[in-house]
Amino acid sequence: MTARPAPARFPESALAARWAAGAPGPLRLEDGRPLRIIFPGTPAGGSGPDFTGAILDAGGDLLRGDVELHLLASGWRDHGHAADEAYAGVVLHVVARNDGPNAFTFHRSGRLIPVLVLEPGSRPAFPPPFTPPCAIATARGQDPSPALERMGLRRLRAKAARVSPAVAAHGPGQALYALLLETLGGSANREPFAALARRLPLALLLETAPLPGVSRTLAFTAALKAAAPPLALRRAGLRPMAAPARRLESAASLIARWWPEGSVPGWPPALGPSTTWMAASVPGIGRSAAIEVAVNAILPVALASGALPEAAIEDAWRALPSPGTYGRLTRLQSWLGGEAAPPFTTASRLQGGLLLHGDYCSRGACGRCPLSSAPLAVSH
Ligand code: SF4
């Protein structure tokens, strides 16, 4: 009796994840033909083949149908697929190890199914090495905007959920102040600016009494700068507008506007239901940065605290213009309309794009994301 090979030391889900991500090649079938994945199929779930509706190019032969995965090629026989009608449409058998002598898998219908040996990779590839379903669907006229809007709103709710503990612990004013500073800190100084908000809380800052002839903005600037030195601020390589000192001056100006003299450190009355990104526009904070403040601070805290009606917050969110796109969304943008019909024309859609990229595209989820629909025709 022949000893069975040891099972592979990874789960079948790892193999499925690599296949779903397009399994960057070069790939070669056990019969020697090169294999190109045009579309890996849609994960089926439940009984039947693992992926349905795949489109493959096997050495020039176009294959359309289902794909079945096993860690060992003998899994096909062990699971009784050879005699199962549900597997008659399988056009490719993907295995981590071919533990049999054959280059093909047999089905009772008489079909010979090519076998591909695939080692699970560590990370799915982005961009995928095939035309993704979202690009095919968009090229056929499907408008990605409604899905992007829905995902944008999901991202707003996620931001609100993240800030909820701070709102509950310290109140909406302090939570807004902290997120304002974090946003203005940018990627270079987000952490130190967040630490500054803890070190000099809003209530303490608002108690700063300006000297005669000195504006509140200047007094707040001095207080913020005086509290900042122990923090490891990054200054090198930043644009002059993004330098920490400039950002603190802008923050002080905004704080003086949002919390006029005599205000309590709660939600600023100046930020009402019709608030737009202009509420965050002061010298030193350009249009893009002001939109980022609305996206990352004002609206999430308003939603988490109930400071504004939910419907007004959602309207304000949808009305925000795009602050400009992100480099990591360039490919997605080209698939969802490109320059002819740019998909990220509002901040909400851009946020939807970021969620899509983070939760689906970069995880090899083509075929499972909200913008996937199984292609019926080949598109190159
Ligand atoms: S995960 Fe969806 S949106 Fe992202 S590339 Fe694939 S099909 Fe397109």
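Helix axes are lines fitted to C-alpha atoms over the stretch in contact, and the angles between them run from 0 to 180 degrees between N-to-C directions. The model discussed here is predicted.

**Helix packing**

On that basis, the axes of helix H5 (residues 172-199) and helix H9 come within 9 Å and cross at roughly 160°. Because angles over 145 degrees count as roughly antiparallel, H5 is roughly antiparallel to H9. The crossing of these two helices, H5 and H9, is right-handed. From H5, the contact draws on Pro172, Ala175, Leu176, Leu179, Leu180 and Thr183, and from H9 on Glu292, Val293, Asn296, Ala297, Ile298, Val301 and Ser305. Sorted by class, the residues of the contact of H5 with H9 comprise nine nonpolar, three polar and one charged.

Helix H9 also meets helix H4 (residues 145-170), with axes that come within 8 Å and cross at roughly 70°. H4 and H9 are therefore roughly perpendicular to each other. Their crossing, that of H4 and H9, is right-handed. On the H4 side, Leu156, Lys159, Ala160, Val163, Ser164 and Val167 take part, and they meet Asn296, Leu299, Pro300, Val301, Leu303, Ala304 and Ser305 in H9. The contact of H4 with H9 divides into nine nonpolar, three polar and one charged residue.

A further pair consists of helix H7 (residues 216-227) and helix H8 (residues 244-258), whose axes come within 8 Å and cross at roughly 135°. This angle makes H7 oblique to H8. H7 passes H8 in a right-handed crossing. The residues of H7 in this contact are Arg216, Thr217, Phe220, Thr221, Leu224 and Lys225, and their partners in H8 are Ala245, Leu248, Glu249, Ala251, Ala252, Ser253, Ile255 and Ala256. By class, the contact of H7 with H8 has eight nonpolar, three polar and three charged residues.

| Helix pair | Axes come within | Crossing angle |
|---|---|---|
| H5 and H9 | 9 Å | roughly 160° |
| H4 and H9 | 8 Å | roughly 70° |
| H7 and H8 | 8 Å | roughly 135° |

**Ligand surroundings**

Which residues lie around the ligand? They are Pro132, Pro133, Cys134, Trp335, Leu356, Tyr360, Cys361, Ala365, Cys366, Cys369, Leu371 and Ser372. The shell around the ligand has 11 nonpolar residues, one polar residue and no charged residues.

**Individual residues**

Ala294 is placed in helix H9 (residues 287-305). With 26 other C-beta atoms within 10 Å, Ala294 is buried, because a residue counts as buried if 20 or more such atoms lie within that distance. Leaving aside residues up to four places away in sequence, Ala294 touches Trp277, Ala280, Leu299 and Leu320. Ala294 and Gly306 are 12 residues apart in sequence, and their C-alpha atoms are 16 Å apart in space.

Leu72 belongs to strand E5 (residues 61-72). Leu72 counts as partly exposed, with 19 C-beta neighbours inside 10 Å. Between Leu72 and Pro273 there are 201 residues of sequence separation and 60 Å in space, C-alpha to C-alpha.

Glu85 has 9 other C-beta atoms within 10 Å and is exposed. Glu85 and Arg108 are 23 residues apart along the chain, with their C-alpha atoms separated by 8.5 Å.

Conventions: Residues are numbered from 1 along each chain as its sequence is written. This is a predicted model: local features need pLDDT of at least 70, side-chain atom pairs count only at pLDDT 80 or more; totals for chains, interfaces and linings use all residues. A residue is near a molecule or strand if its C-beta atom, placed from the backbone, lies within 6 Å of it. Ala, Val, Leu, Ile, Met, Phe, Trp, Tyr, Cys and Pro count as nonpolar, Asp, Glu, Lys and Arg as charged, and the others, Gly among them, as polar. Helices (H or I, at least four residues) and strands (E, at least two) are DSSP runs, numbered from the N terminus. Angles under 35 degrees count as roughly parallel, over 145 as roughly antiparallel, 65 to 115 as roughly perpendicular and the rest as oblique. A crossing is left-handed if the near helix is turned anticlockwise from the far one by less than a right angle, and right-handed if clockwise. Two residues are in contact if their C-beta atoms, placed from the backbone, lie within 7 Å. A residue is buried if 20 or more other C-beta atoms lie within 10 Å of its own, exposed if 12 or fewer, and partly exposed in between; C-beta atoms are placed from the backbone.
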